Each structure stands twice: as C-alpha cells, then as structure tokens.
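Here are some friendly notes to read with the model open beside you.

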Amino acid sequence: MASTQPLTLSFSALDRSDPKVANLIRQEYERQSTTLELIPSENLASPAVLEALGTLLTNKYAEGYPGRRYYGGCEVMDQIETLAQERAKELFGAEYVNVQPHAGSQANAAIYQAVCKPGDRVMGMDLAAGGHLTHGSPANFSGKLYQIHPYGVNRETELVDYEQLQRQAEEVRPRMLMAGYSAYPRRLDFARLRQIADSVDAVLVTDMAHFAGLVAGDAHPSPVPDSHIVTTTTQKTLRGAWGGMILAAGAEWQKPLDSALFPGTQGGPLMHAIAAKAVCFGEALKPEFKQYAKAVVDNAQALARRLQERGLRLTTGGTDNHLMLIDLRPLGLKGRSVVEIADRAGITLNANSIPYDEASKFNPSGVRLGTPNITTRGMGEAQVVEVADCVVDLLEALSEEKGPASLAAVRERTLDLCRRFPLPYGFE
C-alpha cells in the first residue's frame with residue numbers, strides 16, 4: 001500500500017474552524033511519518049478506509065440491524081452494513097457476522113453476555129502469559145463479573161501446554177474457554193482447543209484480534225471452523241479502521257449474539273466505521289493482501305532471527321506470527337525506560353510482561369514488537385535487518401550507558417528508513 005506519491009488529505013474546513021486541532025493532527029502525522037512503528041497492534045489504514053471513515057455517515061442513527069431498524073431513513077445504512085457483512089463472510093468463511101462492535105473489547109463483552117451468566121466459570125489466557133484484559137483480568141469487567149480461572153504457559157518452553165490445559169478444564173468445568181492473545185508469538189492449535197472445550201461441554205471462543213489479517217491473507221490457520229464463536233478487531237493485521245467484529249461458522253448463535261450486542265451492550269452503530277470496515281474487507285479480498293500477510297510473517301521471522309543473532313533473548317525462542325517479545329533481564333533493563341528512550345530514537349515499542357515476570361506490570365521486563373506497520377510501508381527483509389540492528393544498538397547503548405551520541409546515531413538510521421519508505425498519505 002505504500003506509495004511514493006501519497007494521497008494528500010486537505011484540512012481546509014478544519015483549518016478554518018479549528019486550526020488548533022488541525023495542527024495537532026499534523027503533529028501526529030509528522031510523528032508517524034518519522035518513526036518506525038513496531039507496536040504489533042498498530043498499522044496504517046489505507047487512504048480509502050480513512051475517506052470512508054470521515055464521511056457524513058456519522059450523522060445517521062441506525063439502531064437495530066438491516067431490515068430491523070428503530071429509526072427511519074436507514075435504506076442506505078442497510079446496504080452498507082449488509083455489504084460489510086457479506087464481504088466479511090466471504091473473507092473468513094463464516095455464516096454469521098456482526099460488524100457493529102465499536103472495538104474488540106465491546107465484541108468480547110457481548111460474547112460474555114451471550115454465553116455466560118454473571119459468576120459463571122471462564123478460562124482465559126493469563127495476561128502475564130500473553131492474554132488480553134478482556135480474557136479475565138481482575139481489573140477488567142471480565143474479571144469482575146465472572147469467575148476467572150486463568151491458564152498460562154509452560155515455564156520452560158513458554159508455550160501453551162495443552163495437556164495441562166486439558167487437566168485444568170476437567171477440574172474447572174468452565175462455561176466458556178477463551179483462546180487468543182495480545183502477546184503470544186506462536187500459533188494456537190484450534191482443533192486441540194475445540195477438543196478440550198467439547199470434553200467439558202464448554203463454548204470455545206477465539207479472539208483473533210491480533211492475527212485476523214494473517215488469517216484473511218492465508219498466512220495463518222483460521223480459528224473459525226473449530227471455534228463456536230470468533231471475535232476480532234479490524235485495525236491490527238487486518239489493516240482497517242478501529243473497530244470490532246463477531247463471527248461464527250454457523251448461524252445458531254445469531255439471535256443471542258445479536259441481542260447481546262444490541263441492545264445488550266451497545267446502542268446505535270457507528271455507520272461511518274462500518275463503511276470503513278466494508279472498505280477494509282474489500283481490500284483484504286484482493287490478491288495483493290495475501291502477499292502483504294505473507295510478508296508480515298516473513299518480516300517478523302527475519303526480525304526475530306536478526307535480534308537473536310545479535311544476542312537478544314526472545315520468549316518462546318522466536319515467532320510464528322507478526323509479533324515477538326524481547327526479554328530485557330539479561331541486559332539489566334526494564335520496559336518503561338526502554339520505551340521512553342526508544343521514542344526519542346524514532347522507534348515505537350510497548351513495555352510488556354514476559355512469562356513468569358517478577359517485575360511490576362507497570363514496569364515489566366520485556367518489550368513487545370512486530371512488523372504489520374513497517375510491512376505496510378513497503379519494507380522487506382533487507383530493511384527489517386536494518387530495523388533489528390537499530391533496536392539492538394539502542395538496547396546495547398542503554399545497557400552499557402553510552403552517551404547521547406549513540407542514540408543520535410540510531411536516530412539518523414531510523415529517520416533514513418522512514419524517508420525511504422514514506423506513509424501512504426500526507427496532509428497539506
């Protein structure tokens with residue numbers, strides 16, 4: 001999607017009405033355009049997606065579903081939402097699709113309401129092992145309303161131990177088994193997870209928010225055939241605007257899921273966002289998206305190899321998907337300080353706990369990074385090696401307490417990469 005001739009988005013109306021906001025947006029554009037964005041949950045939506053998102057569709061209330069609205073004037077809204085549903089069904093091989101969730105957390109909130117009653121037992125991956133807040137964190141609604149029994153990873157391999165998971169499920173007898181992750185660098189065995197769920201009469205829900213784009217591009221196995229229900233976001237590897245979605249291979253869950261989302265957890269849908277989702281799904285159905293998804297995985301594995309060649313330890317020893325975790329403990333570093341200084345060197349990371357981390361969650365022992373964004377900018381494996389060297393040189397400079405000149409040298413190289421691979425749009 002990256003282009004040497006980016007689409008220019010005019011801010012003429014905003015400049016006249018609110019130049020302060022317009023200039024702040026320009027500042028963010030400048031930050032993104034001069035930074036290597038390595039946070040694996042962030043990407044670059046296309047100019048077409050952004051155009052759909054910024055339309056007068058935001059003016060329309062459309063509570064309900066196509067053909068079953070509570071407001072008049074929804075004829076066009078019905079067509080837009082139906083188009084998004086049909087494209088998503090084709091993209092993921094699903095019979096049921098709901099494109100109304102405002103975000104992934106809202107999609108998951110609806111799933112809990114549709115499948116469980118407050119106090120029901122739920123098993124989800126522990127946040128410290130790579131799970132997500134909505135998979136049962138005590139700080140989240142999921143941990144407050146349901147009886148969560150988290151599962152982790154093997155201490156030695158840092159991988160999901162399916163035999164242990166089976167034993168835990170037999171002991172807990174959960175109503176719902178939640179699969180998926182936000183910081184686990186390996187593929188999951190969806191068929192084995194379904195066997196475990198079926199053996200204890202649990203509903204298997206897979207949150208594929210992080211790897212949905214890889215599934216769409218045939219670069220990762222799909223959880224849809226083996227899961228009762230699947231949730232996802234649309235802004236990560238799927239490369240759309242911010243949003244969520246619910247899918248199922250069969251239609252038997254349609255009534256409880258539709259009702260759980262509206263009126264259960266949301267009111268009117270964001271029709272401008274649903275139009276942007278339709279555009280995103282249309283882009284993902286094109287042959288070139290498969291090339292992109294494959295390149296994301298190839299780049300991630302090249303990045304992991306180079307980081308390891310330079311002496312860094314990655315959890316699980318590498319990656320099968322788009323992300324990886326660097327263990328900072330051998331360098332004597334902590335995640336928060338690394339992130340803050342990396343920002344100044346033109347590298348955007350996020351601090352992240354690693355399995356069996358004894359450090360505070362607010363200043364953990366790892367950083368998480370991935371390749372969706374830089375792949376969208378057009379970088380390939382040769383550039384990824386340059387990116388890896390920038391990361392390692394930065395960490396070594398911090399570990400060895402080298403002076404500002406070392407960080408400045410890294411900044412020069414990250415800026416050069418950004419100039420060679422510009423964003424696919426610009427602002428006047």
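1. Which side chain does a polar contact of 3.1 Å join to that of T233? The partner is K236. A polar contact here is a pair of N or O atoms within 3.5 Å; within protein, one must be able to donate a hydrogen and the other to accept it, and residues adjacent in sequence count only if both atoms are side-chain atoms.

2. A word on the ground rules. This is a predicted model, in which local features need pLDDT of at least 70 and side-chain atom pairs count only at pLDDT 80 or more, while totals for chains, interfaces and linings use all residues. Residues are numbered from 1 along each chain as its sequence is written, and side-chain values use heavy atoms, with hydrogens and water left out.

3. Back to T233, which lies in strand 10, residues 229–233. Helices (H or I, at least four residues) and strands (E, at least two) are DSSP runs, numbered from the N terminus. T233 counts as buried, at 4% relative accessibility; buried means under 20% relative accessible area, exposed over 50%, and partly exposed in between, with a 1.4 Å probe and protein chains only. The T233 side chain also reaches the backbone oxygen of A209 at 3.3 Å. Not counting residues up to four places away in sequence, T233 touches G104, A209, A212, L238, G243 and G244, where contact means heavy atoms within 4.5 Å.

4. An unreviewed UniProt entry annotates K236 as "modified residue: N6-(pyridoxal phosphate)lysine". UniProt positions are given in the numbering used here, feature names are shortened, and annotations may be inferred rather than shown by experiment. K236 lies in the loop between strand 10 and strand 11 (244–248) and is buried, with a relative accessible area of 11%. Leaving aside neighbours within four places in sequence, K236 is in contact with S41, N43, A209 and H210.

5. The unreviewed UniProt entry also lists residues 14–390 as "domain: Serine hydroxymethyltransferase-like". The end C-alpha atoms of that span lie 37 Å apart, and the span is 42% helix and 14% strand.

6. Is helix 5 largely enclosed or largely open? Nine of its 12 residues are buried, so helix 5 is largely enclosed by the rest of the structure. Among the buried residues are G104, N108 and Y112. From first C-alpha to last, helix 5 reaches 17 Å, close to the 16 Å expected at 1.5 Å a residue; the expected span is 1.5 Å times one less than the number of residues.

7. Now the aromatic side chains. The structure holds nine aromatic pairs. One of them is Y112 with F141, an edge-to-face pair with 5.5 Å centre to centre and 80° between the planes. The pair links distant parts of the chain, with Y112 in helix 5 (residues 104–115) and F141 in helix 6 (residues 141–145), 29 residues apart. Rings of Phe, Tyr and Trp (its six-membered ring) pair if their centres lie within 6.5 Å; planes under 30 degrees apart count as stacked, over 60 as edge-to-face and the rest as tilted. Y112 is buried at 0% relative accessibility, whereas F141 is partly exposed at 25%. Elsewhere, ring pairs link Y181, Y184, F190 and F211 into a cluster.

8. Two arginines sit over tyrosine rings. The charged end of R155 is 3.9 Å from the centre of the Y356 ring, and that of R239 is 4.0 Å from the centre of the Y292 ring. The test is that NZ of Lys or CZ of Arg is within 6 Å of the ring centre and within 35 degrees of the ring normal.

9. Q168, in helix 7 (residues 162–172), is buried at 16% relative accessible area. The Q168 side chain reaches the backbone oxygen of P150 at 3.0 Å.

10. Finally, some backbone geometry to check. Most residues other than glycine have a negative phi, and most peptide bonds are trans. The peptide bond from F262 to P263 is cis, with omega near 10°. D218, not a glycine, has a positive phi of about 60° and counts as exposed at 58% relative accessibility. T316 has a positive phi near 65°, but T316 is buried at 14%.
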